[in-house]
Amino acid sequence: MKAYRVGGAVRDRLLGLPGGDRDWVVVGSTPEEMVRAGFLPVGKDFPVFLHPATKEEHALARTERKTAPGYRGFTFHADASVTLEDDLARRDFTINAIAEDDEGVLTDPFGGRADIEARVLRHVSPAFAEDPVRILRAARFLARFAPLGFTVAPETLALMRGMVAAGEVDHLVPERVWQELKKALEMPRPSAAIALLRECGALAKLLPEVDALYGVPQRPEYHPEVDTGVHVQMVLDMAARLAPGDALLGFCALTHDLGKALTPKAELPKHIGHEHSGVRPLRAVCARYKVPAEFAAMAEIVCREHLNVHRLAELRPETVHDLIARCDGFRKPERIPLLALACEADKRGRLGREEEPYPPGALLLRLHVAAQAISAGHAVANGLQGPAVGEWLRKARIAAIESEKHRD
Ligand SMILES: Nc1ncnc2c1ncn2[C@@H]1O[C@H](COP(=O)(O)OP(=O)(O)OP(=O)(O)O)[C@@H](O)[C@H]1O
């Protein structure tokens, strides 16, 4: 038996990025032999084992055969006769289909190294079209590597378009879409993922609410980029810049303006009430992909409140209090910094406004901290009970917001 490093670890090293030896492929072995050698079996669908000492994943070299539509319709074949090249041939992108042995010798039958140098994401073989998840993986890898100059090979984009046209993405299960989308939102340039999904037609199928934002104009004095889809892409990248790797913020950025696609044509380029009309499509997205509850709740807060936060300095203290209360920001204080960041990303995700400061963000944090410092314990200490506690608390918090607002 012989083990080779494969996949992301080899790719990242060739790109000069840090990363460990995570994944291995084992050639010329059988499951029984792996177990005899002390490896721990972990794979449900195909033979994957953990190294007894390093706990790194070792998969038996395998081939795969498509048996049904969708990403689940595969049968795998793994025995001692499967070669390294066979295994690399079933992988998604050439840059992920390079193996390295213990002496550092590379096996690269599909030109992965050349594509790393040329910064190209290219599919390994036409079998790419058999698994629609790969469309989402392409989007995720582009969101990750676009800052390094990567683009998608034209023939890969054409293949992806063909897959979408053939209805392949209709077979994707929601969990898998969400998992990949969430990962894309953790990457440094999530806009590249959304743009690629749009280019191949997958966005219209998977997230029609987002796709519908392209071509919707906004007032140029507020939005020099004009197009709402372009704005959302800019907000996504600004969010990734403000809080790298934060998918929750990324999801808020992606969905904050969904209401703008619903503005009646006669009202354009104004979008009066979009913060309310956006809630319905947002809920539809969350239901479709079983988005985690806190993602759904936070995205709804950002959708509803972003205009209020932008004009926070003009709001009366009781209005600020009620805004924080609507976010449940006294019981879940971590929501308020996130709201502030999302609103900052919205304001700075505009053409030519990227480096502008965002004073409402810091103000919201200050007012929240001041109000949060007053607790029910203070009311009880003052001898209050029952509903009087809540009333006292609201008044005391409003007063705290007022005095904090006038502090400087
Ligand atoms: N759906 C798929 N189709 C084809 N090959 C795949 C697929 N999923 C994973 N692979 C292969 O398995 C390897 C490991 O997959 P994984 O999802 O861990 O990504 P990775 O390339 O290691 O990147 P990361 O650094 O994000 O882990 C990939 O590099 C690729 O060769």
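On a 1 Å grid over the protein atoms alone, a pocket is an open set of points with protein on both sides within 12 Å along at least five of seven lines, and its lining residues have an atom within 4 Å of a point. The structure examined here is a predicted model, in which local features need pLDDT of at least 70 and side-chain atom pairs count only at pLDDT 80 or more, whereas totals for chains, interfaces and linings use all residues. Residues are numbered from 1 along each chain as its sequence is written, and side-chain values use heavy atoms, with hydrogens and water left out. The mean pLDDT (the predictor's confidence in each residue, from 0 to 100) of the protein is 94, and 99% of its residues reach 70 or more. For the complex, the predictor gives an ipTM of 0.95 and a pTM of 0.94.

The largest pocket holds about 1,400 Å³ of space, a volume being the space filled by probe spheres set on grid points that are joined across faces, edges and corners. Its lining comprises 37 residues, of which F46, R62, R90, R137 and R176 lie nearest the centre. Two or more lining residues come from each of α1 (8-14), β2, β5 (57-60), β7 (74-77), α5 (133-145) and α7 (174-185), where helices (H or I, at least four residues) and strands (E, at least two) are DSSP runs numbered from the N terminus. With six residues, α5 gives the most to this lining. By residue class, the lining of the largest pocket consists of 20 charged residues (Asp, Glu, Lys and Arg), 11 nonpolar ones (Ala, Val, Leu, Ile, Met, Phe, Trp, Tyr, Cys and Pro) and six polar ones (the others, Gly among them).

An unreviewed UniProt entry places the feature "binding site" at D21 and D23, in the numbering used here, although such annotations may be inferred rather than shown by experiment. Of these residues, D23 is included in the lining of the largest pocket. D23 lies in strand β2 (residues 23-27), and its relative accessible area of 33% makes it partly exposed, that is, between buried (under 20%) and exposed (over 50%), for a 1.4 Å probe and protein chains only. Beyond its neighbours within four places in sequence, D23 is in contact (heavy atoms within 4.5 Å) with Y4, R5, V6 and E57.

The second largest pocket holds about 450 Å³ of space and is lined by 19 residues, with Y222, K260, H271, H274 and L307 nearest its centre. The largest share of this lining, three residues, comes from α15.

Definitions and conventions:
On a 1 Å grid over the protein atoms alone, a cavity is a set of points where a 1.4 Å probe fits but cannot get out, and a pocket is an open set with protein on both sides within 12 Å along at least five of seven lines; lining residues have an atom within 4 Å of a point.
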